[in-house]
Amino acid sequence: MPTDSTLIPARRRRQAEPLRLLRAAAFGVAMLCLLPIVAVTLAGLTGGVETLGHLLETVLPRYAGNTLILVACVAAGTLAIGTGAACFVTMTEFRGRRIFEIMLVLPLAFPAYVLAYAYTHLLDHPGIVQSTLRTVMGWGPRDYWFPEIRSLGGAAAMLVLVLYPYVYLLARAAFLGQSASTFHAARALGKTPLQAFLQVTLPMARPAIAAGVLLATMETIADYGTVSYFGVPTFATGIYTSWFSMADRAAAAQLSLGLLAFALTLAVLERRSRGEAKYHTGQRVERLTRLRLSGWSEAAAWALCAIPVLFGAVIPIVALVIMGQGSGQDLLSRRYVGFIQNSLVLAGTAALCTLTAAIVLGYFHRASRSPGARWAIHAGRLGYAVPGGVIAVGLMVPFAAFDNALDAVMREWFGVSTGLLFTGSIWVLVFAYMIRFMAAAIGAYEGGQSAINPNLDAASRVLGQSSYGTLRRIHLPILTPSLLTALLIVFVDVMKELPATLILRPFNYDTLAVQAHRLASDERLEGAAVPSLVIVAVGVLPVILLCRRVGRE
């Protein structure tokens, strides 16, 4: 009969086997996340000096300049609107504050290119606004000046309107998490309320605000639909033009490498700017009493909160509905049902794969706590700093090379052509989505995982559960709300993603985002409004969840 001394090593072996499988799966996901970065780097460095010299002499300075200006404008705009709105709804009291506290999140449901279509319909030369001005004032086409919506400034405005909620949400959470004791200490030292806010409260929230601005700038450099429609040449448009219009793979790879370097530099600079600074709110958490506003100060707060919601959500929805009614597009037609089906299949498959990979990385990091586990989860998060176009090029290069090599071998040995096994399927596109949005899924998973007491893991091991058993029987039931949130966030992000879809989609496999982009490129804005409205309707779902959470808090 076996003794306890012989059973214990056997039990340890049974518990260690799933951990080895988990380690292999986590390293596999991490390597896949790093694949486009490595591929773009190698392709860009081996692209030839002639291609790089030609880019430097022709388009590269303009791409870099426009991208930098766009990033600076969006960073300044989102910082001002997001921080200002968060300040007013958390630090002051005015009529309508609780409504604005929720409504300020709504523009997050809109892709920037959808706003570009709506405002072009309204503000362009043949649009409603300028036509009305000419009719009322009796002006001719050259008798007045009107801001050009299809410009670098117009693209920046569209991006600011949809990206400021990143800053708003993080700044609001930072302000609510602070104790009033520091603010009262500053007031006791003779500071006015405004001075106490600027010198104490705002600096303590700086890490959260900087993180929100970083997210906004990352989305800015990754944007393709808005800058492409407005005719603003940036790195994102240059990659697509080089890959498809000019069939210059070397130029696309080198432009992708430049954009990748720019994105990673932004992330490193933001990290270094924070350094090792730590902010302590004290042990006694006392909620700050809101300052009651009245008169001009209340009107200013109301206007600052209402303008982003009005221009970022209300006006675009009204414009899209009016445009869609006269478009002649039928959502129930067989063609549009195919677009919707393709979008839902891609988004659902990518969301499930991304969530599964995030669970593997997150649980391996919790179960192992080794340097390899930390490296794997950092590699998984790195994809959010890489624009979709760069990921697409980075996946297309190695998978196309693999397909061509396999086809050549099969032709030579067996006389059979295998064709495009990967680059002609949706799986490379799913991989691109997974890499792009892995950080969002990991963040939601770790947010729920932090509430699980480590003693539960220890108790599970004592009772003989393996790593897989602990995950299945303890973690996943507790994490169900967080997992559903992560699934929904990735689903909606995939529905809105455009550059990776344009480059990697299979032939004749169009989505709602691709259809909207095609119709808008043909100047059929009324038609583009219909798929755009469907994308927005799907995007409203996670925003409603965010609004409910904000309301409960």
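Mentor: Happy to! Keep in mind that this is a predicted model. Let's start with Met103, which is found in helix α4, residues 97-103.

Trainee: Why does Met103 count as partly exposed?

Mentor: Its relative accessibility is 30%. Buried means under 20% and exposed means over 50%, so at 30% Met103 counts as partly exposed.

Trainee: What separation do the C-alpha atoms of Met103 and Ala306 have?

Mentor: They are separated by 8.8 Å, although the two residues lie 203 residues apart along the chain.

Trainee: On to helix packing. Why are α3 and α10 called oblique to each other?

Mentor: The axes of α3 (residues 60-91) and α10 (residues 206-222) cross at roughly 140 degrees and come within 9 Å. Only angles over 145 count as roughly antiparallel, and 65 to 115 is roughly perpendicular; α3 and α10 are therefore oblique. Their crossing is right-handed.

Trainee: Which residues meet there, and how many are nonpolar, polar or charged?

Mentor: From α3, the residues include Thr67, Leu70, Val74 and Leu79, and from α10 they include Ile209, Val213 and Ile221. By class, the contact has 9 nonpolar, 5 polar and no charged residues.

Trainee: Which residues have the most contacts inside the largest nonpolar core?

Mentor: Leu104 and Met438, in a core of 155 residues.

Trainee: And what does Met438 touch, leaving out residues up to four places away in sequence?

Mentor: Met438 touches Val29, Cys33, Thr354, Ala357, Ala358, Leu361 and Gly380.

Technical notes
Residues numbered from 1 in each chain as written. Predicted model: local features only at pLDDT ≥ 70, side-chain atom pairs only at ≥ 80, totals over all residues. Heavy atoms only, no water. Axes fitted to C-alpha atoms, helices over the stretch in contact; angles between N-to-C directions. Helix = DSSP H or I, 4+ residues; strand = E, 2+ residues; numbered from the N terminus. Parallel < 35°, antiparallel > 145°, perpendicular 65-115°, else oblique. Left-handed = near helix turned anticlockwise from the far one by under 90°. Contact = heavy atoms within 4.5 Å. Nonpolar A, V, L, I, M, F, W, Y, C, P; charged D, E, K, R; others polar. Buried < 20%, exposed > 50% of the residue type's maximum accessible area, 1.4 Å probe, protein only. Core = buried A, V, L, I, M, F, W, Y, C linked by side-chain atoms within 4.5 Å.
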